[in-house]
Amino acid sequence: GTLRANESVDITAKVADRVAVIHFKEGQQVRKGDVLVELDNTEARADLAAAEAAASDSRSQYKRSQELFQTKALSEAQLDQLQAALLANEARVAAAQSRLSDRIITAPFSGRVGLRNVSLGGLVNPGAVITTLDDHSIVKLDFAVPEVFLATLRPGLTIAALSGAYPGESFDGRVASIDTRVGPPTR
């Protein structure tokens, strides 16, 4: 059969930018949420600050306009326009926060990182593999079984696996699932 990690992923970036900080060493064990790489976020932080300033200004104008509306010094249409501007500026803040968070690459689950494919100052493009992450706390063994044994297989059935890498050692496990399809070439 084929042995594979419980979870396995290529760590990539969503955005193109320069690598500012690398927080991991090759082969290091990491936990879910650990920061692996930070991309340059100077422009994203400036965009966020500008969006927050515009939202703050809109918030102040909207609060003042509510008081003016109560005294009939402001029409309902004008109040609605100020509220719409506030909502738009708050949405810009959320978008800027999202762009900033795209520059911090974290581990999606606990595991061991592989080899590093980036260097400080290097440009990372979306989809380019920065490193790999594998969770070997549980391993999965995929193997084919002849169709004649299908009736005896069931989830929970205990199995023993042997490996040429570890002669004489047996690894115990259980059947977790059975594929719903039979392989036509091998049955």
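Predicted model: local features only at pLDDT ≥ 70, side-chain atom pairs only at ≥ 80, totals over all residues.

Biologist: Okay, and where does Gln-97 lie?
Modeller: In helix H2, which covers residues 76–101.

Biologist: Which residues does Gln-97 touch, not counting residues up to four places away in sequence?
Modeller: Leu-48 and Glu-52.

Biologist: Let's zoom out. How many helices and strands are there in the chain?
Modeller: There are 2 helices and 10 strands. Going along the sequence, you get β-β-β-β-α-α-β-β-β-β-β-β.

Biologist: Is the chain spread out or compact?
Modeller: Its radius of gyration is 27 Å, well over the 16 Å that the globule rule gives for 187 residues, so the chain is more spread out than a compact globule. The C-alpha atoms fill a box of roughly 85 × 45 × 30 Å along the principal axes.

Biologist: What share of the residues is buried?
Modeller: Buried residues make up 24% of the 187 in the chain. As for the accessible surface, that comes to about 12,700 Å², and 53% of it belongs to carbon and sulfur atoms.

Biologist: Now contacts. Of those between residues at least 6 apart in sequence, what share joins residues at least 24 apart?
Modeller: That would be 69%.

Biologist: Switching to the strands: what order do they take in the open sheet?
Modeller: The open sheet has 4 strands, ordered E1-E8-E6-E3, and the pairing is antiparallel. Strand E1 (2–12) and strand E3 (29–30) are at the edges; each has a single partner strand, so one side of each has no neighbour in the sheet.

Biologist: How many bridges join E1 to E8?
Modeller: 10 bridges, with the two strands running antiparallel; E8 is residues 129–142.

Biologist: Can you give me a pair to look for there? What stands opposite Asp-10?
Modeller: Thr-132, in E8.

Biologist: Last topic, charges. How many positive and negative ones are there?
Modeller: The chain has 21 positive and 23 negative charges, and their mean positions are 2 Å apart.

Notes. Residues numbered from 1 in each chain as written. Heavy atoms only, no water. Contact = heavy atoms within 4.5 Å. Rg over C-alpha atoms; globule rule 2.2 N^0.38 Å. Buried < 20%, exposed > 50% of the residue type's maximum accessible area, 1.4 Å probe, protein only. Areas by Shrake-Rupley, 256 points an atom, 1.4 Å probe, with all protein chains shown as cover. Lys, Arg positive; Asp, Glu negative; His and termini not counted. Charge placed at Lys NZ, Arg CZ, Asp CG, Glu CD. Pairing = 2+ DSSP bridges.
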